[in-house]
Every structure is written in structure tokens, then in C-alpha cells.
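Me: I am new to protein models and would like to learn how to read their features one step at a time. Could you take me through this one?

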Amino acid sequence: MAELDADLDHIIPSSLLPPVWAKLVVGFVSLLCFARSYDGDFVFDDSEAIVNNKDLRAETPLADLWLHDFWGSRLSSNTSHKSYRPLAVLTFRLNYYLSGGFYPVGFHVVNICLHGGISVLMVDVFSVLFGGLQFTSKGRRVHLAPRASLLAALLFAVHPVHTECVAGVVGRADLLCALFFLLSFLGYCRAFRESSKEGTHSSTFWVLLSIFLGAVAMLCKEQGITVLGLNAVFDILVIGKFNVLEIVHKVLHKDKSLGSISVLRNGALLFRMALLISGGAAVLYVRWKIMGTGPPAFTEVDNPASFADSVWVRAINYNYYYSLNAWLLLCPWWLCFDWSMGCIPLIKSFGDWRVIALAALWLCLIGLIHQALCSEDSHRRRILTLGLGFLIIPFLPASNLFFRVGFVVAERVLYLPSVGYCVLLTCGFGALSRQTKKKKLIAAVVLGILVTNVLRCVTRSSEWRSEDQLFGSALSVCPLNAKYADLNRHVDALNAWRNATVLKPEHSLAWNNMIILLDSTGNLAQAEAVGREALELIPNDHSLMFSLANVLGKAQKYKESEALFLKAIKANPNAASYHGNLAVLYHRWGHLSLAKKHYEISLQLDPGASGTKENYSLLRRKLGQMQKKDV
């Protein structure tokens, strides 16, 4: 779009316009933003997805990666989150092999480099979005929109909302998904260049390759499949030049020329749509079959709005969540790694002042949609439509519209939607520059935003280097979250108990308290390490064996956990909880007859144990169903 690029003339220096220089600048800035996280620890979800994930270890067959979820659980299990991302796990396994163990530096460096590569790739993506796909007779694109594409790529590269994906190792799934998502989009665009040079067969190859890359993106993270929908929107609106407003006008006026719409008579476009739909359906079907059972089960603390009885309460809160996501893109100063556990109270009436955020969101969206449909400038319509497409389509899997998700707000899911935000923001700067004579002021504002975001990225990356810093940073943003509320007390308690074990190494109660606290806060790797340290000092303490066995069971180290439970029971055979928890281990492990045996022993020792009764009842029901199937 030559007009937009001209509007940005005073903002982007001409010396940066050659593609090689533009990409070097974007790559350097993107690495600068997040380099601070290279020597960080494994934090938050990294413990479960990496440190405690047996799929990373050499003794686990590679074939198991295709049968397990992101966290190492079998997809067929009722407790699985159904997050099927085998390619992301495969890269973790390669990191583990090349690093010679769980050394976080190598994992972090790969994430930082991936973000740098994606940011560089964004220069080409934005060039297509802003410049379109008009080619010369030699197959070269006519409009590259160098200023607009460079500015948008810089805005993307330095956006602080990306910190979770880059500084948190599990964000690798989002980064890989984005990489193959963008490659799929660019591959689809290549089809139109080839169709003008070499004919239909070459064009079909690129469409099929785009579908394949979309499937690869989905094997990195679920939202990758949405690229096929984006490709379809791009094809219909940009290539097919489908004018929604014109069609609506004809429908309302019962225009007889409605049947002669060029898009409906375009055989090549309809063929590409058929390929996208059939390819997408096939990929989704295979994905559903691999899942083995229905969607995952989440708890109310994960996503309270989805459990609300009233449809209106659910709708209001979902829209409030959308407005929070929009605010994180607009003002990424208010960042938090976990928005669950009561962090965002439910809106239960229209009298809640937060309803204003919903109104503001929809006013902005309606205004943008109106401009995208009704603008007299066809280039403006195209860019705004594609910006909205990139903003909305990749976000749909996280919207709660099709299925319940296990979070309230998650910054990581904004990695791809931020592409659309950068398109819209660049358009806004172009419009401002066109409307005012104070070009230098606009340039100063843009430079200020870029510098501020770089500094915010550096600061936020530092906060992700350890769990103490990460939890501490969240307290000011989300004081209502039960995990932040307890952090300071937990740290004080851990320090006190650690001091007690230094003064008295055989202090069994202090060791046990540390293991239980770390276990209850989800720090399984640390809990396991403390448990092993304690048993080296006090090898015959059955309570320590029991506590460590519980941790190992949660980490799915079933064999080792079983051995410790049996050893603890041998030392203290009348402890009902020992038998009850061993039964739970067998239940999870699939050894149902052994689970039944130890549930019954536990209930003989403690008939009033409600949790054991409930688990025993579930087991008997499952055994009954299995017997009916056998009959």
C-alpha cells in the first residue's frame, strides 16, 4: 500500500529500508529484548512439562511422544489435559540430550533464538499484509511496503506480552506453532505467484504444502490449525476481492446480479477452498481420534466463568476476559504469569463498573469492522480486514466459544494475535501522520513506544529468571490469587524449616514439612530433591518415605513410588493413609486389583476416611463396567 508507506516516511529512516538491513535490525532488537532470560531457572509450568516429564529421558521410547500429552501423561487417561504437542516435546528432548541433562541455559537460548527468527520472518509477512500480492511478469512483487512492514515487525519484536512465551521454556510450544503458522501463510501466498508463472499444478502443491505446515503447527500447539481459516479469509477477501458490503447491499435490494458474483464463479478459488476444508477436517479428525476420549476436565478455580449457571454471567465474563486481553496488547505493563485462582472476580450484575470495559471493547471492534467493510479505499479495507483476521482467528481456540479452556487469561495465547494488533497500530500511526503536520511528534511517539517496550521486555525477562521473582512480581498485579497470597508465608516457612534441618539434620518433621509444602505448591522437582536429601540422612524414617512416594507418584514415577510406599507400609503396616495413597497410585497406574486390595485394607483401618470411600466407590464402578463389557 504505497499511500500508507508514504505516510510513514518521517517515522522510518530510508537507510533501514533495504530488506537485509531491516531484518538485521529487527533480529537484533528482538534478541536484545529477551537476552536477560538466557540464564534463568525452570519456573512455573517448566517443572511439570520438562523436569518431571519422563518423555524427555532417553529410556522413554520416542514412539511414546505420539501417545502422550504435553505433560507426559497418556492421552487416553481421564486426567490428561489433552494438550497434544509432540513436536514441541521432541525439541525439549533434543535440548535435554544435547545439554546432557536438565540445564536450563540451552532451553532458554533456543526460545530466544526462535523469537528472533520469527520476528525476522514477520518482515516478510507484514510486507504481504501491507503490500498485497501483485506481481510483475517476472514474478516479483510490485508493492513491498518496506516502511510499514519494518515498523510493524519492530512493534511485534519488542512487545512485552511475548515475555511468557520466550522466557518461560514451555512457551516453546507457542513459538514453534507461530513459526509454522507463518510459514503456512507465506506458503499459501506463494501459490498465487506460482499460478501466474507455472500453472495450476504448481499452485496446488503450495496449497497442499500450506495445509501440511498448518498440521505441523497444530502438532506444536492446538491453535496452529487456525491458519487454514486465515488462509481462506485471505484468499476470499484479497485474492478473490470479495466485497462483503456490496453483497449485503445486493441481498437487501434483491439485486438480480447476485448470482453472478465473481467469487462464486471462480473455479480455482472454490477448488482451493475445498482443499482447505477437506485438509482441515482430516487433520482435526485424526487429532480427535488420537485424543482417545472427550475434552479435558478442568476445575472451577481454573476458569470460574465457564462453571457459572447463568448464560448471561458466562457471556459477560467471557467478554470481560476478551477486553483484558485487548488491554494487555494495548498496555503491556500489567503482566502476570497466572490469572487463575480467584485473580479476577466474576462479574455477576450489570451494575459492576467493569462492564464499561466490555462496552469499550465492542465500540472499538465495531468501529474497526465498519472501516474494514465500508471504507471507500479498497487497500484500507484489505489491510484492516487482514489485521482483524490475524487478531481474532488465532485467538478463537482460547475464547471459550467452542470448548472450555483451562485458564482465565493467558499472555502466551496472544503471541499470534499480536500480529493483527501490530497491523492495526501501524495503520493508526499512518493515519495520524497523514492527518497532522507535526510529523516529528508522531515519530517521537513511535520511538518512545519502541524504547519503552524494549525496557519493559528486559525488566519482565529478569522477573522470569526465578520463581521467587516471578511470584513476587505477580503480587502487585493480582493480589487476589491464592498462589500469591501464600507465597511470602511459604518462603518464610521454608527458610525456617531449612534452618532447623541445618541445626538438627535428623529433624524429621522439618524435612516432612518442606516436602509437603513444596508438593502442595506444585514444585515437584524441588520436593523430590528435598525428599531424597532427607532419606539419605534419615534412611529408615517411614514418614519421609511416604511423603516422597506421594511426590514421585504425582511425577508418574510409579515404580519408584510403589517401592517407597511398600517400604513405608512394612515399617508401619497400620497406617491407613499409607495403604490409601498406595491404592491411589495403583488406581492411576492401571493396576486395579492391587488398588482394590489396598483401598479395602485402608478402610478396615479407618472406616471413616471419606476420600478413600469415594475413590473406592469409583474403582468398583469402573470394575463393574469392565465386567459388563467382558460379558
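Reply: Let us begin with a term that we shall need throughout: a residue is called buried when its relative accessible area is under 20%, exposed when it is over 50%, and partly exposed in between. Please keep in mind that this is a predicted model.

Me: With those cut-offs in hand, is Glu 560 buried, exposed or partly exposed?

Reply: Glu 560 has a relative accessible area of 33%, and therefore counts as partly exposed.

Me: How should I read a salt bridge, and which residue is paired with Glu 560?

Reply: The general idea is that side chains of opposite charge can pair when their charged atoms come close. In this structure Glu 560 forms a salt bridge with Arg 532, and the closest N and O atoms are 2.7 Å apart. This pair links distant parts of the chain, since Arg 532 belongs to helix 22 (residues 524-537) and Glu 560 to helix 24 (residues 558-571), 28 residues apart. Arg 532, with a relative accessible area of 31%, is partly exposed as well. Both residues also belong to a network of salt bridges that links Glu 528, Arg 532, Lys 557 and Glu 560.

Me: How many salt bridges are there in total, and which residue does Asp 39 pair with?

Reply: The count comes to 15 salt bridges. Asp 39 pairs with Arg 465, their closest N and O atoms being 3.0 Å apart. Asp 39 lies in the loop between helix 2 (19-34) and helix 3 (46-51), while Arg 465 lies in the loop between helix 17 (439-463) and helix 18 (467-475), so this pair ties together parts that are 426 residues apart in sequence. At a relative accessible area of 29%, Asp 39 is partly exposed.

Me: Where do the two partners Asp 519 and Lys 554 lie, and is each of them buried or partly exposed?

Reply: The side chains of Asp 519 and Lys 554 meet in a salt bridge of 2.9 Å, taken from N to O. Asp 519 lies in helix 21 (residues 508-520) and Lys 554 in helix 23 (residues 542-554), so the pair ties together parts that are 35 residues apart in sequence. Asp 519 counts as buried, because its relative accessibility is 14%, whereas Lys 554, with a relative accessible area of 40%, is partly exposed.

Me: How can I check the length of a helix, and what does helix 12 show?

Reply: The expected span is 1.5 Å times one less than the number of residues. Helix 12 (residues 267-291) has 25 residues and should therefore span 36 Å, which agrees with its end C-alpha atoms being 36 Å apart. Among the buried residues of helix 12 are Leu 269, Met 273, Gly 279 and Val 283.

Note on methods. Residues numbered from 1 in each chain as written. Predicted model: local features only at pLDDT ≥ 70, side-chain atom pairs only at ≥ 80, totals over all residues. Heavy atoms only, no water. Helix = DSSP H or I, 4+ residues; strand = E, 2+ residues; numbered from the N terminus. Buried < 20%, exposed > 50% of the residue type's maximum accessible area, 1.4 Å probe, protein only. Salt bridge = Lys/Arg side-chain N within 4 Å of Asp/Glu carboxyl O.
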